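Hi everyone, thanks for making time for this. I'd like to walk you through one structure, so let me put it on the screen.

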Amino acid sequence: MKARLYAPLLAVCAASLLAAPSALAAGTSSISGKVTSLATGAELAHIRVTAYEAEGTNAKVISTETGEFGAYKLEQLPAGKYVVGFQPDYENPSDYGLQFYPEKARFAEAEKVTIAKEGEEKPNINAKLGPGATVTGKVTDAGTGQSVEGIIVFAIAVGSTGEPVGVTETGSDGQYTIIGLASGSVDIAFLSQSVGPEGEEEQLGGPYISQIYNGESLFEADIESDIFALLGTPLEVKAGDTSIANAALVRKAPFATQAPTLTGTPAVGQVLSCVPGTWTGLPEIGYSYSWLRNGVPIAGAATNIYAIQTADQGDSIVCQVAASNKSGSATAISNALAIPAPVVPPAPTPLLRLGAGKQLAVHAGAVGVKLSCTVAACKGSVELTAAKGKTVLGKVAYTLAAGKSQTLSLKLNAAGKKALAKAKGHKGLSAELAASLEGGTSVSEKIQLSSAKPAGKHKKAKHS
């Protein structure tokens, strides 16, 4: 056991656990004896021996410690009646149970040792200590479930003087063990201590609310308060057996056990509400609010309600709650609400019309193709292909503004000229005219392609 535990622990005990010191004047009488092991008869050193007033306040009068050979002597006792208790010393714990003379587990069961006059000696007030009960367990953070190191854990026998009968502290894994307890009922208390600079004594009143075993009764341990004003559930222990007493300590500073909740309709003009969630910590806890759009704070939004703006469309909104009290502060983020993006009407679909007709005559190696564009601008190409074999006879690109018409000049390529020449003397060349349209529907027409008659040549009329 580290000595640094005792100053803060005993300060608390002196203020709120132990009865007032005896007002008896020091005398010249004494009580002495020897402490041995019940099992082996071995003489036990480092056993704390205490004389208590047997009547009245049951205050502790004087304590000493057994020497190397188990002997002790309580001196300077005034005349009176005493109860003598035997217990392993805090700094030298061992697996021997608390005992009151003669070999009793409870103060109320002890035999009174009477010193009738000044100078009287009471020898052979001996004790044979048997194995004690063990209490072990783990201390965790109630919010995170993580192990908590450095928590002072001590046991007080129910119905005893109120003085601790065992004390230890949790290790880095949150585990602790108290040994050497007498059979019966004990209260197990868990006290938080602050972490001071290295080399300095630690003090009670750390980051956690101290607790009496059972997980319900909470109190803040300080010298000004009665830390046992709220009692927990006593733990029944038995010599030679091990009992379990775990504790989940609550932080004094705010800690969110349930995140804030954001409610409302995600639409422009609607009002969102932020419920702060559930927090632990000492009262009084105060709350402040801020709102974030895609993780960026929204200027001027500092209450628990928020009206959705046009600028929020297409983004995600959360509420951040800051909780604070005298011990510290913490923040928590709500669920996110996605604000739908504004509805953008689809771009108009362009419409294209061909106005070439069923018969196209080739003039100077080209044909005229009329296009009309409506609704939106049109862009694409016009291609002339042979009906048989799909040979491309010519192609031309175009661009038209919405509502405009244009006659394009589509020049025949070499294949087109050759095909047209081959079809001379027939009804014409069967072909297909197709106009593509970016973002719209292409159009096509089947046509007959023929050569234009030379200007000025006419068939002579017959005369009778």
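Let's begin at one spot in a sheet: Cys378 stands opposite Leu400, which belongs to β36. Please keep in mind that what you see is a predicted model.

The two strands at this spot are β35, residues 378-386, and β36, residues 392-400. They run antiparallel to each other, and eight bridges pair them.

Which strands make up the open sheet, and in what order? There are five, arranged as β33-β39-β38-β35-β36, with mixed pairing. At the edges sit β33, residues 359-362, and β36, each of them pairing on one side only. From one strand to the next, the twist averages 30 degrees.

The sheet also has a helix on it. Helix α2, residues 414-422, packs there and touches β33, β36, β38 and β39. Its direction makes about 125 degrees with that of β36.

Glu383 and Lys395 form a salt bridge, with their closest N and O atoms 3.9 Å apart.

How many salt bridges does the count come to? Eight. Let me show you two others. Lys34 and Glu43 meet through their side chains at 3.1 Å, N to O. Both partners are partly exposed: Lys34 has a relative accessible area of 33%, and Glu43 has 37%. Then there is the salt bridge between Glu120 and Lys122, at 3.6 Å from N to O. Here Lys122 counts as partly exposed, at 25% relative accessibility.

I'll finish with another lysine, Lys252. You'll find Lys252 in the loop between β21, residues 247-249, and β22, residues 255-258. Is Lys252 buried or exposed? Its relative accessible area is 6%, and since buried means under 20%, Lys252 is buried. And what does its side chain reach? The backbone oxygen of Gly206, at 3.1 Å.

How values were computed. Residues numbered from 1 in each chain as written. Predicted model: local features only at pLDDT ≥ 70, side-chain atom pairs only at ≥ 80, totals over all residues. Heavy atoms only, no water. Helix = DSSP H or I, 4+ residues; strand = E, 2+ residues; numbered from the N terminus. Buried < 20%, exposed > 50% of the residue type's maximum accessible area, 1.4 Å probe, protein only. Polar contact = N/O pair within 3.5 Å; in protein donor to acceptor, adjacent residues only side chain to side chain. Salt bridge = Lys/Arg side-chain N within 4 Å of Asp/Glu carboxyl O. Pairing = 2+ DSSP bridges. Axes fitted to C-alpha atoms, helices over the stretch in contact; angles between N-to-C directions. Contact = heavy atoms within 4.5 Å.
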